[in-house]
Amino acid sequence: MRRYRLLLAALLLWPMSAYAATPVDGLYQQHCASCHHAERLGGSGPALLPENLTRLSPQKVEQVIRDGRAATQMPGFATQLTDEQIQQLTALVRSPLPQIPTWDMAAMTESHQLFIDRRQLPEQPVHHADPLNLFIVIEQGDHHATILDGDRLESIHRFATPIAVHGGPKFSPDGRFVFIASRNGWIMQFDLYSLQVVAQVRAGINTRNLAISDDGTTVMVANYLPHTLVVLDAHDLRPRKVIPVTHQQHSSRVSAVYTAAPRHSFIVALKDLQQVWEIPYSNQAKPVITALVHDYRAESGEDLPIDKTPFPIRRIHLNNYLDDFFFDASYTHLLGASRDGGRGEVVHLDVGRPIASVDLPGLPHLGSGITWPWRGTTVMATPNLKEPVVSIIDMKSWQVVQRIATAGPGFFLRSHEQTPYAWVDASLSSEKDKIQLIDKETLTVAHTLQPIPGKPASHVEFTRDGRFALVSIQSADGALVIYDAHTLTEVKRLPMNMPSGKYNVANKINRSSGTSH
Ligand code: DHE
């Protein structure tokens, strides 16, 4: 309720003359503002800003205004608006706001909802599934998530999520709680023991992802809008701190935030600054971070001791914009994709500077990178969003040891310690119904699967023991197609509504080298 009160207050306080300045502003206030906010920042409906709508073509936006959106509260306006008015509204919601909007502590605190006190939660699971072999499956079609028993391969619960969930949900270190981020800034905490939503908060207007500290105390949220990082209490999602993302006179969107568990710090990728940030969240953070923070203090003239300055920022300066990070197991090195394309840069996090460049064609999707031991070294493999290739990189020499031609560009690569194959999709190509299996020893494509001919197959995830591989068929009448990972035969098909990613508790909290973290 409180967030609706906030919206109402915002609507009442906003001067009518400011938004009824043109006929289309008047139309927006009349038909859209009550759900999408007077300033288009989102309310019960998503924010209507270009940053939030990049994934919808103008034609699709018009269609949604005209016909509404299935499985949401968005009605169609075909009988109330002319084609011209619909086009005008489309142009309006695709135009930027004159200033970067704010979403401050007060707005966040107002949006916070605690559904149940954690002290009232049961000590044991209310279900009989192995809590470490559960999956959470994000179903984008009707904005729900399914909790799947990984032993019986069946659903045990389904619940509504915020609209437009993106990126990997993150688990508390014990695997009990899962934290979900939506592109519209809503963060949700769900209890996998009692199968209920614990809390939610709106931490931004356009959010990228979240990370949780390895001690389970702190959630950090990365935002495109506003240009902030937000610290939440992982206990109940109460906002603790807003960190403006600025350097000198410039501010930056945040591409993503990652947990560097061995370093007890968050690592931050920035869209508009040639820097990587490291933010320690605990006094156990590696001494080198502490030392570098002190150096930074000396340079900047700030003299507060580290333990009195929660979440101090260590800035690593680059000569390029780096996006989409991959880390080695010790989190000593990060590999980032260069904005100019064609290469990746390796940053040594202890010495705080780039140390190597990796020749990577197209646009590697490093966030989906995985590793495995290979001929006395460890290799990292990355799919590619633009080229039909998987690049294999030796993590000692940072040389590319193999480029494996695939059926097409794809998003995700997955494996498991117990399987000889890495599974890659070609979902960004005309071959999007194919999944290819790369032999981790020979570095060649060993098998091609076509789960449902003509339907897009994408994200793969393994059960805790690596015995079964679950493939998302990403369409409204989609499914999870489940394969025996050894015989490669289909064992089960579970109908799902646009399943995007699915995440196995044990694989994630144990940081399996075959999955993203
Ligand atoms: Fe994602 C993860 C960025 C488009 C589905 N995606 C991530 C992460 C980032 C990212 C930074 C890591 C976050 C995390 O898990 O903590 N994604 C981007 C983009 O910049 C890009 C290319 C454009 C954009 O609009 O943001 C993009 N992503 C997509 C899609 O179109 C996908 C296929 C469908 C969707 O949901 O929008 C998509 N992204 C995913 C999924 C993950 C993800 C399923 C989690 C992967 C995992 O297994 O961990």
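This is a chat about a predicted model.

Visitor: What should I know before I start?
Guide: This is a predicted model, where local features need pLDDT of at least 70, side-chain atom pairs count only at pLDDT 80 or more, and totals for chains, interfaces and linings use all residues. Residues are numbered from 1 along each chain as its sequence is written, and side-chain values use heavy atoms, with hydrogens and water left out.

Visitor: OK, which protein residue is a donor to the ligand's iron atom?
Guide: That's His 166, the single donor from the protein, with its NE2 2.1 Å away from the iron. Donors here are N, O and S atoms within 2.8 Å of the metal (3.2 Å for Na, K and Ca), and water is not among the atoms, so sites may look incomplete.

Visitor: And where is His 166 found?
Guide: In the loop between strand 4 (154–160) and strand 5 (170–171). Helices (H or I, at least four residues) and strands (E, at least two) are DSSP runs, numbered from the N terminus.

Visitor: New topic: helix 6. Which residues are buried there?
Guide: In helix 6 (residues 83–93) they are Ile 86, Leu 89, Thr 90, Leu 92 and Val 93. Buried means under 20% relative accessible area, exposed over 50%, and partly exposed in between (1.4 Å probe, protein chains only).

Visitor: Why are they on the same side of helix 6?
Guide: Because they cover an arc of only 160° around the axis; the arc is that of the directions from the helix axis to the C-beta atoms. As a general point, an α-helix has 3.6 residues a turn, so residues three or four places apart point the same way.

Visitor: What's exposed on the other side?
Guide: Asp 83 and Glu 84 are exposed there.

Visitor: What do the buried ones pack against?
Guide: Helix 3 (23–31) and helix 5 (58–67). Contact means heavy atoms within 4.5 Å.

Visitor: Now strand 20, how many of its residues are buried?
Guide: Six of the six residues of strand 20 (residues 333–338), so the strand is largely enclosed by the rest of the structure.

Visitor: Which strands does strand 20 pair with?
Guide: Strand 19 (residues 322–327) pairs with strand 20 in the antiparallel sense over five bridges, and five bridges also join strand 20 to strand 21 (residues 343–348), again antiparallel. Two strands pair if DSSP finds at least two bridges between them.

Visitor: What stands opposite Leu 334?
Guide: Phe 327 stands opposite Leu 334, and so does Val 347 in strand 21.
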